[in-house]
Amino acid sequence: MNGPDGIDIPADPGPRRLDIPRGGPLDGAGEAGGARTAREARAHLRVTADCPPRPPGGDEHRPLPEGPVPREELALLRRVYRPAPGYAGMRERLSRTHLLALCGEPGTGRTWTGLALLAETTGHGAPAHLAERPERPGPSDAPERAEVADSAGPAHSAAPAGSTCSAASVASAGLAGPSGSAGPAASVGPAGLPGSAASVASAGRTRPSGPAASADVAGPAEPAGSAGPIVSAGLAGLAVSVGPAGPSGSTASAASAGPDEPAGSAGPAASAGPVGLTGSVASIGSAGPAGLTDSTVPTDLVGLAEPADSVGSAGRSGSVASVASAGPAGRPGSAASIASAGPAAHAASAGPAASAETAVPASGLVFRFGLGALPAAHQIERGHGYLLALPGDVTDPGPLLDRLRARFAECGAFGVVLVAGGPGAERLLSDRRHAVPYEPPAAAEVLERQLADLLGDKPGELLNLARATAARPDVADALGLDEPRPGEAARLARHLAAHAEGLLSDEGLLERCRAFAPDQARAWFDGAGRSGTLPAALPALRTAALRIALAVFNGSAHSLTAEAAELLTWELAVTLDPQYAPGRPLFAARPGAGLAAARAVCGDGVEDLGDASVPVRAVRFQGRRLASAVLYEAWDGHHNVRGPMARWLRALCDDPRPQVWVRAAVAAGVLCARDYLYGFVELLLPLARADSPVQRMAAATALAEASRDEDVRPAVDGLLRGWALGDDERERETAALAHGYGLAAGSVQASLEELARLAYEDDGRITSYSVLRLLAGTDPEAVLAVLTHWLHDTRRPRRDLALLTVLRAVTTRTSHLWGLCEVPELEPYAAWPLATALLAARPGSAPLLAELLRAALTWARSAAAAEDAMVGWVRRAARDDRQLAVLYGFLPRLAHEGDEPLDVRAATRIREVLEAL
């Protein structure tokens, strides 16, 4: 007798009794409940193939636009800004305390909320529509009606000039500066501070005629009447813009970009925004040790379409200024470089600089905290507003904000501080002094206002078309977010407007929508590694680990996700600093803060245990595309994260709970498909060669999942063939388990053939289990046909494999035989034996199933085992009327099929089974 590939098989030694294998290859661990877990894991990680591997050197998120905020942006803000919940309370609190910290995530519209608060508080006027409707209740303030604001522009007022804090006139956002102004561009910092100098660069318009202004003047403050803006470098790295007093006798910015300026006025080649213009609002960005600004993504601006290097014209009266970082400042006596980021905007340039219309940012006014020093009172201009951003790794910003608030209150200025989620935000919110939790406005309202602004001057049908497109199911599916954040809503509005105007095709629109979730994941991880060492980096690592754990356990129990996140935090931390053993925080200041940072929510869920289901507190992303985007970004975009992730997944694959190891195995397979060479060595081989049967099953699951990719399938098929012919028993077992999914070989038929080959080295325990799982799959008729064919095969291993499979079908619950393909028709019968479930769900399978059972009952080698199996089958059905009804219709087929004569031996066995009951 010949075996597969012509291998000689020893002669049949004679009849031997077949026994049904007890249990599965996992020794009872992880079988029940795997079906639901595998289905949910596939649904979250196999959305579509819309997330290609990240190309090396891809676009990075640009920082928030810095420097003077142009009047065009203020006008846009008045037109489109939708107030966040609790806006009126925030405005009242800012007016009363002079400092307000908004604790929220980037992209939620907090930047424009801060600008709106500052513009209204400093007299620039509120967004015109704030009075259109009552606002929604906020997180910390009772609902109150917004004040009626002048929709045409900011108010005009004047204040006496010449005070210590430079009492300023509140100018209109859009008035040009005085004409004919020219002069030096810089001055020293605070009086009496030796060695402190500021190098200033201009974003304003230089004139073709007239001398270039001096870019580095170190001397006392310019007297009234000089045309150079006054800038000072702050103590210990904190510098803010100051300017001339009111119009009378004041120094004026020579870079004012008003349309009525004479052509011969020579502006300074170096100016730090609307310096010297009263009532301006400044944004101060944070700086790290190298002077890099805190990377707040552009989507934090609700509706702002300007690039990061465009900040509008410098020197306009009433403009809003953004003050950003410029290097390793922060020590007394250090020079704060205030340099232009635009083309041809060098500090000593006398040629044409960037015009006010191109809006080059002014950088260099540095805010850096941690050293404790604060500027003197005369460094902060009365009536100005300042927007600051704190880095996320600050654990206790309270003392700094206390001192900053005192300075603002003393000089009559106002500041809004943006604080991202993290330990610093939690501490501020628990102190309840400076901070409020920021809740974004509704995305639908932001989208409607943005569309109306973009298409307001176009034919009305374009606006209706954009609204209808936004409601299309394919657009919502491509977006993959439950509700876009305000910055995303503004970005979506631009795409919809371009589509409505015919500038963007349907496919182009869907492609841009599919990029939203990957862009969010990229923004998360691009900012996760700024704190280079532990323990400063631990909060960021913990947040990153939570997002990755959510990607793997999306929709699972919160307890499982949280524990997995802590395990991954450990792996990331010891990779970053092997000598540091990170601990776990026992109590969180705000228990839901971590989930909010991950765009996740908790809700009611159910976990399947096989025999029953239990309610759980489930956690999930607020968007179906976020899980795959996060997993792919971490794996593709950050190579050094792969090692900790691989170790973490291997450890999870040794957990006996299917709710854990199944999700980890599916995630491992998805990642192996994206980089098979790395995944094979770091994930597949260690799992396949492990002593734990659960890990070998996890390896088989990962191989089957990876083989879904057509480019990877030949490699997986070849690997399994090699393992089947090898001497390693663990590898052969893994190959047999992998073929039970019916994916690696390319078809169910091919998988059955591979299992028949493996049966020569197997006693039927593993191979019959895999064939049984194929029988519970998408094509049971094909499996039954092959099994009946094997009954007549001359090779005993194949006959035994057929008999063992059919006997296990009447004793094994359907819920224990899950696969990686959907079989919805069997779901109502998950608690039934597979044979009963097939008869109920697929009545056409009855003839072949009867032939197989009849052979098992009548053949001497399997008769005793078949009789025991039938007794248990009938007894179980007797407890359920629906199962009993199915068996009543099926049992007569065992003894008499169609026109064929009665099978006496089968009838005798059936009678013995009934007597045994």
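**Exercise 1.** Does Y676 count as buried or exposed?

*Solution.* Keep in mind that this is a predicted model. Start with the cut-off: buried means under 20% relative accessible area. Y676 comes in at 18% relative accessibility, so it counts as buried.

**Exercise 2.** Work out how the rings of Y386 and F408 sit against each other, and where the two residues come from.

*Solution.* Step one: the whole structure holds nine aromatic pairs. One of them is Y386 with F408, with ring centres 5.6 Å apart and 15° between the planes. Planes under 30 degrees apart count as stacked, and that is the label this pair gets. Step two: Y386 belongs to strand β7 and F408 to helix α5, 22 residues apart, so the pair links distant parts of the chain. Step three: look at burial. Y386 has a relative accessible area of 0% and is buried; F408, at 1%, is buried too.

Now try the pair Y676 and F680: it is also stacked, at 5.8 Å centre to centre and 25° between the planes. Here both residues lie in helix α19, four residues apart, or about one turn of the helix.

**Exercise 3.** Describe how helices α24 and α26 pack.

*Solution.* The crossing of the two is right-handed. Next, the contacts: on the α24 side they include Y769, V771 and L772, and on the α26 side L801 and L804 are among them. Sorted by type, the contact residues are seven nonpolar, three polar and two charged.

Notes. Residues numbered from 1 in each chain as written. Predicted model: local features only at pLDDT ≥ 70, side-chain atom pairs only at ≥ 80, totals over all residues. Heavy atoms only, no water. Axes fitted to C-alpha atoms, helices over the stretch in contact; angles between N-to-C directions. Left-handed = near helix turned anticlockwise from the far one by under 90°. Contact = heavy atoms within 4.5 Å. Nonpolar A, V, L, I, M, F, W, Y, C, P; charged D, E, K, R; others polar. Phe/Tyr/Trp six-rings, centres within 6.5 Å; stacked < 30°, edge-to-face > 60°. Buried < 20%, exposed > 50% of the residue type's maximum accessible area, 1.4 Å probe, protein only.
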